Amino acid sequence: MSALNIFSILAIGAGSLFFLAGTVGLLRFPDALTRLHALTKADNLGLGLIVLGLLPRAGSVGDGLKLLLIWFLALFASAVSSQLIARVARARGPRA
Amino acid sequence: MSLTDAFSIGLALVVVGLALWTVAARDAFAAVVGFVAYGMLLTLVWVRLDGFDVALTEAALGSGLTGAMLIRAAGRLRDTEATANAERPGALIRLMAALAAGAVTAALAFAVLALPDPAPTLAPQVAANIESTGVGNPITAVLMAFRATDTMLEAIVVLLALIGVWSLGPDRAWGARPGPRYRADPDGGLAYLARTLPPVGLVVGVYIFWIGADLPGGKFQGATILAAMWLLARMAGLADAPPVSSGWLRVALVAGPLTFLAVGAAGALYAGAFLGYPEGYAKPLIKVVEWALLPSLATTLALILVGPPERDPG
């Protein structure tokens, strides 16, 4: 097994762990703000590590850039939507 | 059992489970969230079946656009939902509903199980005749040449749906701009997203449309992405819908279906059949129809989501 394969497995495995942890947090944390905090870990680190693990397997430079673009777009959209949800949650008070 | 089989079986179980949960959910908003997640998983199913065209359509229209529409509907129904849920129909009606639903399920299951194996297919005929269309993607060849009537009717049905949505507006608001006016902090995160994302979305939407001739993609998926970009700008308060009485808007809405009809009628004159393409002209004519449909579809889909005119004309 080549070093690149081991790198892919480690990175994708670690990314999946972050997704698992984020999901557990989403289900177990007490209020909207802490649940958002858990979710951002899945979006940012989880997806980032999975994209990182997939990069050596991309067929061409273009494919690799597309993977990075997907991660960037997901980061961007999740940051803005978390902000919007958090703002509503804060306006409605801590129990919302 | 290989790992991919295990993944497929797990995916199928989750899809069925989520479908049952969506039907059983009492809260409309929760059911919509279930429906959107169900659509995303269904996209994965289509990818596993190598149906990339269907997967793109499911993600963009089936899950994305329909999901956004249902979220809006659930939001509107929120005030009356408790009253509606409190009304419980009598035992007889519930029994009849269960019987009717069960009968439909049984009939569908019977129809699927009664299919001969291998299922009847026209795929070899499509593969044998795809050369004559000049298009590389067999799905596009079917949609735009062999079954062009269906696609034309789809484009017209979407337009009829918009007329249906508009007709829900009150009389006094007729002619006004549709939907509510959104206001957001012009320096906030949403406005920033709505300024930064559309350039990317425009490229992706037109790319998916453009590549549809030879690879998975097409006008419906591309138009949905373009519509989503405009809707984002609208939600951030950066754009507003034109009044429903606007002449330019009406032209934009009907231009695509009219072009399709005109090409179809020309086919009746020059190729011997309605929507027939003369020898050698298939690909250019398909391109003309697709280019005409893209803006019309994007406008129609976006305005269906915006909703009926409800503001006082001013």
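Biologist: How many of the 17 residues of H9(B) are buried?

Modeller: 15 of the 17 are buried, so H9(B) is mostly covered. Bear in mind that this is a predicted model.

Biologist: How do I judge the length of H9(B) against what is expected?

Modeller: Compare the end-to-end reach with 1.5 Å a residue. H9(B) reaches 24 Å from its first C-alpha to its last. That is close to the 24 Å expected for it.

Biologist: What follows H9(B)?

Modeller: B:Gly237 comes after the helix, and its phi is positive, near 75 degrees.

Biologist: Where do B:Asp50 and B:Leu275 lie?

Modeller: B:Asp50 is in the loop between H2 and H3 of chain B. B:Leu275 is in the loop between H10 and H11 of chain B.

Biologist: Is B:Asp50 buried or exposed, and why?

Modeller: Count the other C-beta atoms within 10 Å: 12 or fewer means exposed, 20 or more means buried. B:Asp50 has 10, so it is exposed.

Biologist: Is B:Leu275 buried or exposed?

Modeller: B:Leu275 is buried, because 22 other C-beta atoms lie within 10 Å.

Biologist: Now apply that count to B:Thr105. Where is B:Thr105 found?

Modeller: B:Thr105 belongs to helix H4 of chain B, residues 91–113. It is exposed, because it has 10 other C-beta atoms within 10 Å.

Biologist: How far is B:Thr105 from B:Gly267?

Modeller: In sequence they are 162 residues apart. In space the distance is 42 Å, C-alpha to C-alpha.

Biologist: Let me step back. What elements make up chain B?

Modeller: Chain B has 11 helices and zero strands. Its C-alpha atoms fill a box of roughly 60 × 60 × 40 Å along the principal axes. Buried residues are 29% of the 314 in chain B.

Biologist: What share of contacts in chain B joins residues at least 24 apart?

Modeller: Take the contacts between residues at least 6 apart in sequence; 73% of them join residues at least 24 apart.

Biologist: What does H3(B) span, compared with a straight helix of 35 residues?

Modeller: The straight helix would span 51 Å at 1.5 Å a residue. H3(B) spans only 43 Å between its end C-alpha atoms. There is also a kink of about 65 degrees in H3(B), centred on B:Asp79.

Biologist: How should I think about which way residues in a helix point?

Modeller: An α-helix has 3.6 residues a turn, so residues three or four places apart point the same way.

Biologist: Which residues of H3(B) are buried?

Modeller: Among them are B:Leu56, B:Ala60 and B:Gly64. Others include B:Asp53 and B:Glu58. H2, H6, H9 and H11 of chain B are among what covers the buried residues of H3(B).

Biologist: Which residues have the most contacts inside the largest nonpolar core?

Modeller: They are B:Ala227, B:Leu297, B:Leu301 and B:Ala302, in a core of 55 residues. The elements giving two or more residues to this core include H3, H9 and H11 of chain B. H11(B) supplies the largest share, 14 residues. Each of domain 1 and domain 2 of chain B gives this core at least three residues.

Biologist: What does B:Ala302 touch?

Modeller: Leaving out residues up to four places away in sequence, B:Ala302 touches B:Ala227, B:Trp230 and B:Leu231.

Biologist: Where do the two domains of chain B run?

Modeller: The domain assignment gives domain 1 as 1–87 and domain 2 as 123–314. Their centres, taken over C-alpha atoms, are 24 Å apart. Each domain puts 11 residues into the contact between them. On the domain 1 side, seven of these are nonpolar, two polar and two charged.

Biologist: How many residues of chain A and chain B are in contact with each other?

Modeller: Interface size is often given as the accessible area lost when the parts come together. Here we count residues instead. Five residues of chain A are in contact with four of chain B. The chain A side has four nonpolar residues, one polar and no charged ones.

Terms used: Residues are numbered from 1 along each chain as its sequence is written. Chains are lettered from A and ligands numbered from 1 in the order in which they are written. This is a predicted model: local features need pLDDT of at least 70, side-chain atom pairs count only at pLDDT 80 or more; totals for chains, interfaces and linings use all residues. A nonpolar core is a set of buried Ala, Val, Leu, Ile, Met, Phe, Trp, Tyr and Cys residues joined through C-beta atoms within 7 Å. Helices (H or I, at least four residues) and strands (E, at least two) are DSSP runs, numbered from the N terminus. Domain bounds come from an automatic or database domain assignment. Two residues are in contact if their C-beta atoms, placed from the backbone, lie within 7 Å. Ala, Val, Leu, Ile, Met, Phe, Trp, Tyr, Cys and Pro count as nonpolar, Asp, Glu, Lys and Arg as charged, and the others, Gly among them, as polar. The expected span of a helix is 1.5 Å times one less than its number of residues. The bend at a residue is the angle between axes fitted to the seven residues ending there and the seven starting there.
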